[in-house]
Amino acid sequence: METIVQAQSLKGTVTIPGDKSISHRAIMFGSIAKGTTRITNFLPGADCLSTISCFKQMGVQIEQDGASVVVEGKGIDGLREPSELLDVGNSGTTFRLMMGLLAGRPFHSVLAGDESIAKRPMNRVTVPLSQMGAAIDGRENGTFAPIAIRGGNLSGITYDSPVASAQVKSGILLAGLQADGVTTVTETHRSRNHTENMLEGFGVKVKRDGLSVSVEGGQHLTATNVEVPGDISSAAFFLVAGAIVPNSTLTLLNVGINETRSGILDVLEQMGASLSIKNKRVVNQEEVADLTISTSDLSGTTIEGEMIPRLIDELPVIALLATQANGKTVIRNAEELKVKETNRIDAVVEALQTLGASVTGTPDGMVIEGPTRLHGGQVSSLGDHRIGMMLAVAGCITEGSVQLELPEAIKVSYPDFFEHLKQLRAGS
């Protein structure tokens, strides 16, 4: 249990931890590349450590010291059959991307994870991989984990994905690198493009055409060095805190602002937040900047359509932001929230209502009326790191303390979150 009390202000500068999505991919791509890959600003959270563990089980030598990692890659043909089940823990990214990698390997493997992973739909990846020729089975015909894969002998496909999901797209593309011919994935909206960017950094030719991405099979990765930018999904919690806690000014350093991920910045600007973006630069195919946010009056807005994939992980804290904005905020087309670590629509609505917010769930999102004065209460992360951080930020503006159950879930993506929050409350 963690107790969070109202903050008088938040001031200071924070270096945001490494991007979770990019950290995962750096380990994976370094493991299947030939040569030594050195990774800096790696996120040593539970999910990314699960990825390291899985590749070690397949014979890859990986040395990790905090945020520094060295991967000795032997090429994708250097992976060996794991002798035991590959446990991804709570990491959907590890699970879905590894399915694509393993689909092309000529051996047997079994992927499993925790209770949350067991409930998350995997058929969105197993269906196209089966169409490519992989032998895949799992609960309910490959819909749910554990998933068993007998890989090899894949053929490229052209696949129209019914969901805009970087995990789905990436899984198919990683299988496509091992398939005969060209593999193309077309999405309904653009999802985050870290896989495409990083594959090019490792020497792979990727064709991009609107909502479609293609790779030709038979390409090999060459080791490179990866500097991981700060995670904008983690930065989002302090961006919102800086906007809604009175008398606050925060600067967040080295934050990735990839356009497929930066929807939170657009929403803050739409709502009237005092936000500045400085020192823009490109590091390893990813745009990075320093962000400064100050307290300001906010107005409600509508978030929908192609914006949703650009901020899907930030919607819980955007809902909190909306409780302090003038007028109505509507979030729609966000059904994907139902199949995250928790059903995030239900989880956000229930938690914010407990704290006194005027929020109503809908089948594909929620409606928030603001501004409302929130009060303290006992709430739970439900084991979901993003719900936990949202509620910790809420505790900074509630009248009365917030008692947060299962705060340890936050370590999945932001191990130093409470330490950084403490520093900002102290004005350092």
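The predicted model holds 16 salt bridges, counted where a side-chain nitrogen of Lys or Arg lies within 4 Å of a carboxyl oxygen of Asp or Glu. Local features need pLDDT of at least 70 and side-chain atom pairs count only at pLDDT 80 or more, while totals for chains, interfaces and linings use all residues. Residues are numbered from 1 along each chain as its sequence is written, and side-chain values use heavy atoms, with hydrogens and water left out.

K169 takes part in two of these pairs. With E187, the N to O distance is 3.6 Å. K169 sits in helix 7 (residues 166-176), and E187 in the loop between strand 11 (182-186) and helix 8 (194-201), 18 residues apart. Helices (H or I, at least four residues) and strands (E, at least two) are DSSP runs numbered from the N terminus. With E196, the closest N and O atoms of K169 are 2.8 Å apart. E196 lies in helix 8 and K169 in helix 7, so this pair ties together parts 27 residues apart in sequence. Both E196 and K169 are buried; E187 is buried as well. Buried means under 20% relative accessible area, exposed over 50%, and partly exposed in between (1.4 Å probe, protein chains only).

R310 pairs with D266 at 2.9 Å between the closest N and O atoms. R310 lies in the loop between strand 18 (302-303) and helix 11 (315-323), and D266 in helix 10 (residues 263-270), so the bridge ties together parts 44 residues apart in sequence. R310 counts as buried at 19% relative accessibility. D266 counts as partly exposed at 26%. Salt bridges with shared partners join R192, D313, R344, D384 and R386 into one network.

The largest nonpolar core has 74 residues. Such a core is a set of buried Ala, Val, Leu, Ile, Met, Phe, Trp, Tyr and Cys residues joined through side-chain atoms within 4.5 Å. F238, I244, I303, L315, L320 and F417 touch the most other members. Helix 9 (residues 232-244) gives the most to this core, with 10 residues. Beyond its neighbours within four places in sequence, F238 has contacts (heavy atoms within 4.5 Å) that include I16, L250, Y414 and F417. A second, separate core of 63 residues includes V60, A103, M198 and V206.

An open sheet of three strands has the order 1-23-22, with mixed pairing. Two strands pair if DSSP finds at least two bridges between them. Strand 1 (2-4) and strand 22 (375-380) are the edge strands. Strands 22 and 23 (residues 399-405) run parallel, joined by five bridges; H375 has E399 as its bridge partner in strand 23.
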